[in-house]
Amino acid sequence: MAMSDLLSTEEIKAAVGAFSVAESFCYKKFFEILGLKKKSQEDVKKVFHILDKDQSGFIEEDELKFVLKGFTPDGRDLSDKETKALLVAGDKDGDGKIGIDGPSLGSSFQTPP
């Protein structure tokens, strides 16, 4: 399954393009532009599983660095600072990774800023 099966190509392009400059990434705005707040929990889980490249059930820091590329190959790598901020936002239990169940990045997709 590809991101374009779940999200519109226009939304993906707009969201990734909005943060093409280094140190500009804001996960809340990114998820808002993508329209993830309007998606069902099932669709959010599908997005999560696409980003979980090693299929471990978690998105780890090394996978977060490439999160924009998970939406389109043209996306840039996040900086270490942006990656850490995204990890902190999604890692509600402090284990250094983001899970789809419970408080997680998955729920952050739909949580209003």
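1. In what follows, Ala, Val, Leu, Ile, Met, Phe, Trp, Tyr, Cys and Pro count as nonpolar, Asp, Glu, Lys and Arg as charged, and the others, Gly among them, as polar. This is a predicted model, in which local features need pLDDT of at least 70 and side-chain atom pairs count only at pLDDT 80 or more, while totals for chains, interfaces and linings use all residues. Residues are numbered from 1 along each chain as its sequence is written, and side-chain values use heavy atoms, with hydrogens and water left out.

2. Confidence. The protein has an average pLDDT (the predictor's confidence in each residue, from 0 to 100) of 88, and 88% of the residues score at least 70. Confidence is highest in α1, at a mean of 96, and lowest in helix α7 (residues 105–108), at 52. Helices here are DSSP runs of H or I of at least four residues, numbered from the N terminus.

3. Largest pocket. A pocket is an open set of points on a 1 Å grid over the protein atoms alone, with protein on both sides within 12 Å along at least five of seven lines; lining residues have an atom within 4 Å of a point. The largest pocket holds about 170 Å³ of space, the volume being that filled by probe spheres set on the points, which are joined across faces, edges and corners. Its lining has 5 nonpolar, 5 polar and 2 charged residues, including K13, F71 and D74. α1 gives the most to this lining, with 5 residues.

4. Largest cavity. A cavity is a set of grid points where a 1.4 Å probe fits but cannot get out. The search of the whole structure finds 1 cavity of 30 Å³ or more. The largest cavity is lined by L51, K53, E63, F66, V67 and G70, of which 3 are nonpolar, 1 polar and 2 charged.

5. Nonpolar core. A nonpolar core is a set of buried Ala, Val, Leu, Ile, Met, Phe, Trp, Tyr and Cys residues joined through side-chain atoms within 4.5 Å. The largest one has 26 residues, of which M3, L7, F30, L34 and F71 touch the most other members. α3 (41–51) is among the elements giving two or more residues to this core, and α3 gives the most, with 4. Beyond its neighbours within four places in sequence, F71 is in contact (heavy atoms within 4.5 Å) with M3, L7, I12, V16, F30, L34, V47 and L51.

6. Residue L86. L86 lies in helix α6. Is L86 buried or exposed? L86 is buried because its relative accessible area is 2%, and buried means under 20% (1.4 Å probe, protein chains only), with exposed over 50% and partly exposed in between. The C-alpha atoms of L86 and K28 are 9.6 Å apart, although 58 residues separate the two along the chain.
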